[in-house]
Amino acid sequence: MRGSDEQDSYPSSLELPELATPETSSTLKASLSAEMEILQHIDPANPFAFSLEQMTSIVDHRHFQFLQHVGGIEGIAKGLHSNIKSGLDWNEANLAYVRMFDLQKENKQPDESFFDAQFPLSLHDSETFTQRRQVFGSNVLPTVEEVTLLQLMWESFQDKTLILLTLSAMVSLTVGIYEDIHTIEYDSFGNKIPGVKWVEGVAIIIAVVLVVVVGSVNDFQKEKQFRSLNAKKDDRNVSAIRSGKPVLLSVYDVQVGDILKLEPGDIVCADGVFIEGHNLKCDESAATGESDAVRKLTWQECYRYQQPQQHRDSFHSLPDPFLISGSKIIEGICSYIVTAVGPNSFHGRTLMALRTKDENTPLQDKLDVLAISIAKCGLGAAVFLLSMLLIRSIVGYATGSLSSVPSDVVSHIMQILITTVTVIVVAVPEGLPLAVTLALAYATQRMLKDNNLVRVLAACETMGNATTICSDKTGTLTQNRMAVVAGTFGSSFRFLKDPPASRTDLIDINHVKSKIPNAVRNFINQAMAVNSTAFQNTNSVGDTSLVGNKTETAMLNFAQDHMGSEPFELLRTFWQVEAVFPFSSSRKAMATVIRIPTEGAPIYRVHLKGASELLLSKCTRIVSMHDPSYHYQDAHAANQYDISTRTMTVENKSRMSKIIQSYATRCLRTLAICYQDFDSWPTHTKIEQVIEGSGLTLLGIVGIEDPLRSGVTQAVSACQRAGVFVRMVTGDNMLTAKSIARQCGIYSYGSIAMDGPTFRKLSTTERLQVLPRLSVLARSSPEDKRLLVNALRETGEIVAVTGDGTNDGPALKAADVGFSMGIAGTEVAKEASSIILMDDNFSSIVRAISWGRCVNDSVKKFLQFQLTINITAVMLTIFSAIVSSKQKSVLSAVQLLWVNLIMDTFAALALATDPPSPDLLDRLPEARTAPLIDTCMWKMIIGQSIYQLGVILVLLYTDILHLSHDLATLQTVIFTTFVFCQIFNEVNCRRIDNQLNIFKGVYQNKFFMLIFSISVIGQVVIVCYGGTAFQTVRLSKNHWFLCVLIGLASIPIGVLIRLVPDTLLQVSHRQKARLHIEHNECNAYELATCKEQQSTANANEDQHPYQGGVINWSRMV
């Protein structure tokens, strides 16, 4: 791929394209126009008049002046060795050099023509257009090598805890094999103990392999599931002109300079500039977030629109001639010239920007720190034990109590080293990685039932501590389909979606069909069906959808869903269409003339819809909604379209004007529906004459908006209750963004609404001041969204981003967790996300937060359980080895294997399968810097360890059981007591807070009940039948009762520990309380800025209540 070293003015192929908006176009023109117009590339291998960067920047920066400078579309085509009529030559080769100077000549040479059109020399563009592809590239992204299962396994193995376990396993295996070969041991009955000390090393290796396999296979399967979800044939044919003839090309064979044809439903496959067409409108919501359909006109017409730049936040976007790859044609036809393809197009560069390396999650970082800390502690304990044993040995050699024979000395030193290594192995939490993996794997399977497809396992736990959600508006909070939500038929029949109970004068939109007179209903259905150009399309899969202007599809859906209309295709066949007048910005209305046969001469009925204020002023009559004649009409009679009308009074007009204003305050788009009957319709009649004739009859006014998804308001409220700050980040205009944000509960008193260009220009200090209250970011480019996410992450926030469009891709990738929509989401959004919402419902995010917090709690529960075992076992090993004459631990390696690995695996599964409880959403998220083990957990770990260690040492050294003569039974009692302490402590660890009810929901967790039973039965079997391998003997009933009783006492001991105030173990309770209050008030964002900055921000708020499209301090109560 060719490129330029000049990266200051033009983005590289791997950078994200930033589309200019009317707000930024003047700045871009000032900075780029001179350079783009004056600079002429000097690449001898480029026979075209333009460089790659210049072609890319035309659409990215909407550069009208550059088009004007090179002579418009004709100049672009000439500079690209193309022709706006006949396209590229199939057989181009050895192109002549064209320079910008040639395009600016006064006497332009006639366009090249291809009258000798031939078949191409090759059917594949890879063998032609060599020079063109060398300069501008191909319409194919660089291939990404698929990650194999082995690569995923290797990446999983890079976890520091697994590396520590592996080293521990290798040392344990080596020492175990040595000990089994050189040491022969006998039990208390004189039986030879089999050499099984190598088992622990092998078991740890098996555990590591299990963790790596489970984690990597799960990720591999999720990725395959994602691929199947997103499976579709990327290659498709597009209509083009080559050598003067229409052809179908593979989308991969599109070249810069190609002339492509577009029709409704087509997806724009490459960036380009409009040449000619009729009534073309594009849906760019997936690419830019702009929910309005964008009109496309020739560059000369659009340039005139751009000059005043007065309608920045109006509902209707300014037309432009630039076609963005990834957008969809919803209306009209056109031809356009391609200016950028592949990784240089908007869609391509967005995809390329997503190819970044994933970062560690907060839990992974904390576990890495924990692994290092455990390694240091284990090593420290081993060094301490080694020092003590060596000192004791030196004293023994000096006093003569130990044999000084060289072979005995070597054997003694090896025994010391073996005991020391045992401490290191015991200190490592073997089951921790498996616990994390099991918790994540179980949660992801259960989350799929909640319509959350988790592509990246780690994203599940990250979501639990998300402190902020940056949500896209179009398609995420809203349905991305316009719908009629309010209206008034006649002057008094008012309806509304979900009206308040106090407004008895408003009819619920779902009851309109039963309340409205049949004749009026049929008449309005007729108006909506015939006065529309939308049509129903069926794709290759068989799914049907309405294609056309979003306003028209909204009215057709309203007629179908709420007015009991027959299929609009059927209604259109009832009446012959005499004339159609498409919508135009000049008359602000659309009209259709139909001929209605009667017993005498036919009636010519004109149905109009358009700007409500304009048409209302031209109406002289209004439909009557309460005429007595309606009571005598039969819905199936011939007079089913006979409606009654009355004169439009001044009071009627005033009332309707107020209704229109009330809809406008809610940011609804209002549309008037009118009609007029004529006895004849001359072919030369213009619709402007009908409108100006002021003889229209008003049927009604409807209010249209992109409605919220069901449950969004409740979901936002739940997130806010959980301490998660929800922001709206959209490419839509400010008025619409604030209106939707108010409905969701995102934008309220004290919130800031800002546009993207303003946010982009803020300094770092100003941005930190704005972030705590920034709720709405409107008119934002993809780069603005990514800038916001990165700014939040730099302040320590854990950021989740939701989106469905291509423009959301970079922000989804930059976030800690990215949510995309499974149904309406684009390929780019799904590729960038880590969790896919299968039902496209924002409410599913609340379940994801619950599951994420549940996973975090599961890991902490297990960590509390595991560290209690490890601390007790390490201290017991050190103490017993120092006191023992043989310098051996009271617990054998195989016994520790059962406790540390097998039981831990069961405990991990038991503690990881607790379902999320509703109270998980009643607490604040944990900060990124919050410790993995909090004060309450340390209190329980230390308390239980002291209890267990104290009990076992008393049993071991006080002869309270009178078993000094029977060491085998004593060791078995100690082993069994230790195990039952862990079994009942597992119940105790079901809560990691100070709540006393540890049995809450225990019966709902069948896994826990089963594993608890298996652990008890397993210990009984080991004691009764595992004597040789586990060095145990059978116990009496009294001994069993004592072991169970001591273990059961862990539960009341846990209650006593929970009653101890956490403040006794905290450095500064006052400081923690202050931080907690600040977190509640500012939702963690105020902590990112100093107090001086906050006071400055508050002062600015009082002195400068910004309005307009810059900063808006909401004063809505």
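1. Contact means heavy atoms within 4.5 Å. By that rule, and leaving out residues up to four places away in sequence, Arg1058 touches Lys939, Met940, Asn988, Arg991, Asp993, Asn994, Gln995, Leu996 and Ile998.

2. This is a predicted model: local features need pLDDT of at least 70, side-chain atom pairs count only at pLDDT 80 or more, and totals for chains, interfaces and linings use all residues. Residues are numbered from 1 along each chain as its sequence is written, and side-chain values use heavy atoms, with hydrogens and water left out.

3. Arg1058 sits in helix 39 (residues 1050–1059); helices are DSSP runs of H or I, at least four residues, and strands are E runs of at least two, numbered from the N terminus. Which side chain of opposite charge is nearest to Arg1058? Asp993, 5.2 Å away. Arg1058 is buried yet has no salt bridge. Buried means under 20% relative accessible area, exposed over 50%, partly exposed in between (1.4 Å probe, protein chains only). A salt bridge needs a side-chain nitrogen of Lys or Arg within 4 Å of a carboxyl oxygen of Asp or Glu. Lys and Arg count as positive, Asp and Glu as negative; His and the chain ends are not counted.

4. The whole structure has 17 salt bridges. One of them joins Glu578 and Arg595 (3.8 Å, N to O). Glu578 lies in strand 15 (residues 576–584) and Arg595 in strand 16 (residues 589–596), so the pair ties together parts 17 residues apart in sequence. Glu578 is partly exposed, at 31% relative accessible area. Arg595 is partly exposed too, at 31%.
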